[in-house]
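Below is a short report on a structure.

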Amino acid sequence: MFDLFHNLGLGFGVVFQISWWSPWWLYGLSLPISINILMCLIGALVGTLVGVLPGIGTVATVAMLLPITFGLPPVGALIMLAGIYYGAQYGGSTTSILVNIPGEATSVVTAIDGHQMAKQGRAGPALAIAAIGSFFAGCVATVLIAVLGAPLTKLALAFGPAEYFSLMVLGLIFAVVLAKGSVLKAIAMIVFGLLLSMVGSDIETGASRMAFNIPELADGLGFATVAMGVFGFAEIIRNLDAGAEMNRDLVQQKITGLMPTRKDLIDSAPAILRGTVLGSILGILPGGGAVIASFASYTLEKKIAKNPSRFGRGAIEGVAAPESANNAAAQTSFIPLLTLGIPPNAVMALMVGAMTIHGIVPGPQVMQKQPELVWGMIASMWIGNLMLIIINLPLVGIWVRLLRVPYRLMFPSIVIFCAIGIYSVNNAPVDVILAGVFGLVGYWLIKHDFEPAPLLLGMVLGPLMEENLRRALLISRGDWSVFLTRPLSAVLLAIAAFLLVLTVLPALRAKRDEVFTESEN
Amino acid sequence: MADTMGHSATTTRNTSVVIGFCLLAVAPQIFEFIWSIGTIFGWGAGRGPATVVISHATALLAGAPGALIGAIGGDTKKASSEVLLALIYSYPLFAVAILTIFMTIRSAQDYVGGIALMALALFALWASSDLQGMRGFSFGAGTAPRMFGGLLVALGAGIALTGLLTDGPAMAHYAWRGPLFVMVSIVFFALAIRPLGVVVTAFASFLIAAMGTHETRWVEAIIVGACLTLGCALLFPYVLGLPMPMFPRFLVQ
């Protein structure tokens, strides 16, 4: 317990670290500023902006902003990127409630009841409950990360290559189980990602693999390049052919009375609690993340409600539960990344990219070698959540006004911003073209109903998986049974196999599809 | 699966898919040919177009069948890369294309998607065919790519099979305007950023991308484009300290 407080103290110390800033125009005067607080604020604001604007996803934004973090110190960079992720969960709810357009996939279900509340003139309470729920969930998740961090790291240190390989297999299977649509397609996307990760020189022998003597490919495909193509450019192209201006039925009346009534609070308190618990659990599971958490918690609320018919007609629980769940999940998904070095979803995969850019190899050793990085990030999450609740409610008007920016002006701006961003990573024009090509690939994937998120996960885990597989087999002298004879590894693989079998079973499949179709009607 | 009753009806529907697969089967060869045209003008290094055509044609028509017969006869001579491409990539896809003629496709979206993934995996298998395999019990550079390539072939075939066995959506409609102008804008950016600098390139690319939708109003687009260019020109080189050329090279010198 003492450790926990010590660690959190260290984290807050890092976040509040003061440095003296003396710009030339102050003629020698210095101002005390905290870079990390500033980064946290920027991250939270950008995240909210992204969450509010439909058409730019979190993954694309994090990919877009990766190059921008180059010049920053690693702690500041990661704090900012984390801020974008959970900030987007806040921002997404605003548009869902006011405009009935979910800015993020995670707040699709919030729109169902949230917008109904807004139409009944209760937009204020809906926004407030969403913010309060998110804040509560964020606090719980922050504590959870701090509590679970150290023991999980100890566990991870007992892992050998065989266990690591099995763990990654389990993670990828989770990603398949929780992905939308066909299981076969999701697995195929993962394997496609694994193949893409193998382009470039081999880690052990240095042989050039599948690079066709193209010098730009010799170092492998840049992770940011592929992510920006498949998520950024592909999304833009897809939105363009969806055609015409989206129907924006904005709630015009002035938002009055943010404060929820006593009854609202009593109604939503248990929903917030349930959402937080469910979200935290689903966030830790690899492959889960915020989207599935919000869907699942909405379904749960509807199932256990005394009068389910209220849902869809402005039930406050329908706002409280998914909003707490998505925020909790967004934050707990940092746990596998920080303790085991395994990204559970696409955004975390990009965080791995950000870490490697700064020369940090994610994994259990990070917590011991760079505690200030990990704990600084954890502490910043709590502060970020506090900032969001303070910033967001008064700023709702500004965010809504931003929605009036038409897509015809937004999309060329995003294209240019992405292009400059990719170019600046390596100063390589070829990277820009590659990202464009992957944009077309992503467009094709969307058209054939393949999910791009597992692809990204496969691409990040590819090198790690191959390395551990090779090492495990080398140690066991080529004996494949090592994965089954080592108990931990066998258990992990058994869970993976069990999950895969469960998913293919018809009864569970129907349940899974039901969760995903919930929002579409 | 082959629906003998409605045979003639399905053939007509499948023709475009079959032609597509045949084109896909020789896509790498065509790509190398187009690439090689550049060598006439002295761009890039590589073989001339004539050599490319002759080597691929002989590999497809003579070399590969010869190697196939040779392999059956127990002759293990090392095949050239073109022959391997024909054997590993083109022939299986031609076979799939021929089989497609006799199939009733119930979900074109899945079937075409699965086959395209399979093609990709076969291509990866060819690309990693020159790499070293297992040495004793340690992995060579080529082991893992071949392993995952083989797995993806199987998965692609599985997806294609679901497209034959279960009903599903047909091919989605593709728009051309958005993808075209966004791609032109990206390619223009990549080619122009070095010689022309951020200011000119970003502004021009913005306007090209803006053509991607018919809703664009030009006055508005030019104003926003100018503001964005100014913002980026300040943000990236000055605020973030990422070095990049600002103005066209011929103006600076």
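Which residues have the most contacts inside the largest nonpolar core?

## Basis

This is a predicted model, in which local features need pLDDT of at least 70, side-chain atom pairs count only at pLDDT 80 or more, and totals for chains, interfaces and linings use all residues. Residues are numbered from 1 along each chain as its sequence is written, while chains are lettered from A and ligands numbered from 1 in the order in which they are written.

## Nonpolar core

Ala63(A), Leu81(A), Ala227(A), Met228(A) and Leu350(A) have the most contacts inside the largest nonpolar core, a set of 239 residues. Such a core joins buried Ala, Val, Leu, Ile, Met, Phe, Trp, Tyr and Cys residues through C-beta atoms within 7 Å. Buried means that 20 or more other C-beta atoms lie within 10 Å of the residue's own, with C-beta atoms placed from the backbone.

Leaving aside residues up to four places away in sequence, Leu81(A) touches Gly43(A), Val62(A), Leu65(A), Thr69(A), Met351(A) and Ala354(A). Contact here means C-beta atoms, placed from the backbone, within 7 Å.

## Chain A

Chain A has 22 helices and 4 strands, taken as DSSP runs numbered from the N terminus (helices: H or I, at least four residues; strands: E, at least two). Of its 521 residues, 58% are buried.

## Contact between chains

Chain B puts 60 residues into the contact and chain A 50 residues. On the side of chain B that touches chain A, α7(B) gives the most, with 18 residues.

Key:
A residue is buried if 20 or more other C-beta atoms lie within 10 Å of its own, exposed if 12 or fewer, and partly exposed in between; C-beta atoms are placed from the backbone. Two residues are in contact if their C-beta atoms, placed from the backbone, lie within 7 Å.
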